Every structure is written in structure tokens, then in C-alpha cells.
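Student: I would like to learn how to read local features in a model. Please take them one at a time, with the general idea before the case.

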Amino acid sequence: MTKPHVVAVLAFDGMAPFELGVVVEVFGLVRPELGDLPWYELRVCAEKPGEDLRAVGGFTLRAEYGLDALAAADTVIVPGVATAGEVSPALVGALRRAHAQGARLVSICSGAFALAATGLLEGRRATTHWRYAPDLAERHPGIEVDPDVLYVDNGDVLTSAGSAAGIDLCLYLVRADHGAAVANAVARRFVVPPHREGGQAQFIEAAVGKIGSEDDGVTQSMNWAMRHLRTPLSVPALARAARMSERSYSRHFTRRNGVSPMRWVISQRVAASLPLLESGEGTVDEVAAAVGFDSTATYRHHFTRRMRTTPTAYRKTFTRIPAHP
């Protein structure tokens with residue numbers, strides 16, 4: 001019997017429940033839609049297991065496991081912690097032990113401050129909620145703090161931005177462990193996109209789109225583009241789908257999504273190619289054409305930039321059946 005991948009998430013007194021809920025939803029929920037695929041074993045851990053922990057909103061919860069279980073997990077997730085004051089030495093020690101034993105350490109929002117306290121982010125790139133990024137950079141000048149991205153993957157230590165970016169990072173972990181098809185299935189049940197292009201810069205003091213605004217047209221054009229990924233797409237074509245001028249469309253699209261229209265299209269095409277690669281059916285040339293790239297060379301270029309590997313290497317890692325060369 002295959003040993004389950006154990007995910008431990010930290011619970012503490014005074015925590016906001018959303019990020020804990022995200023982790024429970026992704027890693028703790030039974031998923032019959034995935035058949036016999038071995039899923040994760042989730043453990044909610046606290047420094048003092050069994051004691052009542054107050055959560056924001058006026059209720060309490062109890063964690064069954066302590067820091068020893070956290071230190072023994074395969075993946076350890078730290079949700080948003082208080083940014084003021086010092087991180088508990090007991091927690092720092094447990095995180096370091098987990099890392100020394102090969103665990104993957106993950107933070108959501110201000111949980112990056114706990115990972116920073118371990119020293120494991122020194123000399124590395126990391127992110128946190130944009131409101132806390134200046135404070136993290138000031139307190140830990142050895143960390144390259146990037147306030148614009150949704151998450152940063154350093155392999156053994158991963159950090160994400162504000163609370164909702166924890167969904168993005170958790171889905172990214174599922175994709176890394178089980179492939180795009182499984183991550184997409186989890187995202188569908190979550191009713192969220194499996195991957196969001198852009199970063200949290202788009203959310204910093206940005207106006208929220210209103211019904212009947214230009215954002216409606218942008219949304220319509222994005223839906224139209226997803227139905228026509230295989231066909232040639234251009235900013236003029238997208239602007240026509242949105243019933244906007246090209247100049248106005250490009251401005252509103254970038255403001256809303258944090259990236260240019262064509263960069264977003266390229267990202268969607270790469271994402272659409274992942275299940276095709278995993279299926280093992282068709283050559284890389286055929287996959288490139290199926291998702292709308294005008295040449296395999298262009299596809300390989302953009303795939304490698306976004307996925308940090310080649311289509312062939314990705315297929316070799318994730319395909320479940322013999323693949324075409």
C-alpha cells in the first residue's frame with residue numbers, strides 16, 4: 001500500500017478561518033470523482049493540541065495534532081499569522097525539523113513571516129500580501145520580496161500572496177503532485193479557474209468593475225477567446241468581441257487582469273495543452289496546433305518560459321500512458 005502524502009496545516013489562537021478552510025477543502029476533502037487516486041492525509045496541528053483556539057468570527061476550534069505531527073509531515077502549510085511580535089520558537093523549531101526531513105514548506109499570506117523566521121528564505125525570492133510586503137522586506141533584508149506575484153516556488157519552500165492566492169498555490173501543489181487534469185478537476189469543484197495569469201498588482205487599490213462597465217466587455221472577450229483558442233487571435237479580434245476600441249480594450253484588459261491580452265492568451269493556450277500532453281495522445285507538434293500556436297517552436301518557447309520545463313519533459317513526467325515521441 002502506498003504511503004499517503006501527509007499535509008499538515010497550522011492552527012492557532014486568533015486565526016482567520018478562510019485560509020485554514022482553503023487547505024481543508026483542497027487536501028482534506030474526500031474526492032470520489034477522482035476514482036482510486038490516492039489522496040492526501042490532512043492533519044490540523046497546533047502548539048497545544050486539544051485546547052480551544054479562538055477564530056475570527058466568534059467561534060472556537062480544536063486541533064487534534066501537535067507540532068511533532070507537523071514536523072513529521074510531507075507538506076507543511078502555515079496560513080496567515082500575526083505580523084507583529086516574534087514567531088514562537090517552538091513553531092520555528094518544528095518548521096526547521098520538517099524541512100530537514102525533506103518536507104515542503106508552504107505559506108499563505110502573512111504566513112511568510114513564520115517561514116522567514118526559520119531563516120530558510122534568506123537569499124531567496126518570496127511573496128506575501130501586498131500590504132505586508134514592505135514590512136517583510138524591512139525585517140528580513142536578506143529576502144527578495146516580490147509583492148506583485150500570486151506565489152513563488154523555491155522547490156522546498158513556497159510562499160503565496162493574500163488569502164485567495166492560497167487557492168492558487170494549493171492548486172499548483174496538486175498540479176505538481178498529480179498533474180493538470182487532477183488539478184483542473186479540483187478547481188472545477190472549487191468553482192475557480194485552475195490557473196490565474198497575472199499577479200496581485202492588479203488588486204492593489206484597483207477599482208472593482210461594475211455591471212455594464214467595460215469589464216463586462218472584457219469578460220465577454222475572454223469567454224469568446226477560450227472558445228476559439230485554436231484559431232488565430234489578436235487584440236483587434238478580442239476588442240471586437242468586447243465591442244470596444246483596441247486602445248480602450250487593451251487598457252481595461254491590462255488593468256483588470258494584470259497582463260496584456262496576448263500574454264493572457266498565450267498563458268491559456270499553454271494551460272490548455274497540459275491535459276493533452278498528459279493524455280499521451282498526439283505528438284508535440286499536434287498538441288501545439290490543437291491549442292492555437294502557429295508553430296511548434298513558438299509553443300516550446302512559451303511553454304518553457306511558463307512551466308520551467310519543456311513539453312517533452314513535462315509529458316514524460318506526467319503522462320499516464322505511453323506517449324508518441
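Student: In which loop is arginine 243 found?

Tutor: This is a predicted model. Arginine 243 is found in the loop between helix 9 (235–242) and helix 10 (246–257).

Student: What is the phi of arginine 243?

Tutor: The general idea is that most residues other than glycine have a negative phi. Arginine 243 has a positive value, near 60 degrees.

Student: Does arginine 243 count as buried or exposed?

Tutor: Exposed, because its relative accessibility is 78% and the cut-off for exposed is over 50%.

Student: Where is cysteine 109, and what is its phi?

Tutor: Cysteine 109 sits in the loop between strand 6 and helix 4 (112–117). Its phi is also positive, near 55 degrees. Cysteine 109 counts as buried, since its relative accessibility is 6%.

Student: Now the strands. In what order do the six strands of the open sheet run?

Tutor: Strands of a sheet pair through backbone hydrogen bonds, either parallel or antiparallel. Here the order is 2-1-5-6-10-9, and the pairing is mixed. Strand 2 (41–45) and strand 9 are the edge strands, each pairing on one side only. On average, neighbouring strands of this sheet are turned by 15 degrees against each other, direction ignored.

Student: How many bridges link strand 5 and strand 6, and in which sense do they pair?

Tutor: Strand 5 (residues 75–78) pairs with strand 6 in the parallel sense, over four bridges. Isoleucine 77 has valine 106 of strand 6 as its bridge partner, and threonine 75 stands opposite arginine 104 in strand 6.

Student: How many bridges join strand 6 to strand 10?

Tutor: Three, and strand 6 and strand 10 (residues 157–160) run parallel. Valine 106 has leucine 158 as its bridge partner in strand 10.

Student: Which residues lie on each side of strand 6, and are they buried or exposed?

Tutor: Arg104 and Val106 are on one side of strand 6 (residues 104–107), with Leu105 and Ser107 on the other. All of these are buried, and both faces of the strand are covered.

Student: Which strands does helix 6 lie across?

Tutor: Helix 6 lies across strand 6, strand 9 and strand 10, and runs at about 145 degrees to strand 10.

Student: Last, the aromatic rings. How many aromatic pairs does a search of the whole structure find?

Tutor: The search finds eight. One of them is formed by tyrosine 151 and tyrosine 172, whose ring centres are 4.9 Å apart; the planes are at 40 degrees, so the pair is tilted.

Student: Which parts does this pair tie together?

Tutor: Tyrosine 151 is in strand 9 (residues 151–153) and tyrosine 172 is in helix 6 (residues 165–178), so the pair ties together parts 21 residues apart in sequence. Tyrosine 151 is buried at a relative accessible area of 19%, whereas tyrosine 172 is partly exposed at 23%.

Student: How are the planes of phenylalanine 303 and tyrosine 314 arranged?

Tutor: This aromatic pair is edge-to-face, with 75 degrees between the planes and 5.8 Å centre to centre. Phenylalanine 303 lies in helix 13 (residues 296–307) and tyrosine 314 in helix 14 (residues 311–318), so the parts that the pair ties together are 11 residues apart in sequence. Both phenylalanine 303 and tyrosine 314 are buried. Phe303 and Tyr314 form one aromatic cluster with Phe293 and Tyr299.

Key:
Residues are numbered from 1 along each chain as its sequence is written. This is a predicted model: local features need pLDDT of at least 70, side-chain atom pairs count only at pLDDT 80 or more; totals for chains, interfaces and linings use all residues. Side-chain values use heavy atoms; hydrogens and water are left out. Rings of Phe, Tyr and Trp (its six-membered ring) pair if their centres lie within 6.5 Å; planes under 30 degrees apart count as stacked, over 60 as edge-to-face and the rest as tilted. Helices (H or I, at least four residues) and strands (E, at least two) are DSSP runs, numbered from the N terminus. Buried means under 20% relative accessible area, exposed over 50%, partly exposed in between (1.4 Å probe, protein chains only). Two strands pair if DSSP finds at least two bridges between them. Axes are lines fitted to C-alpha atoms, for helices over the stretch in contact, and angles run from 0 to 180 degrees between N-to-C directions. Contact means heavy atoms within 4.5 Å.
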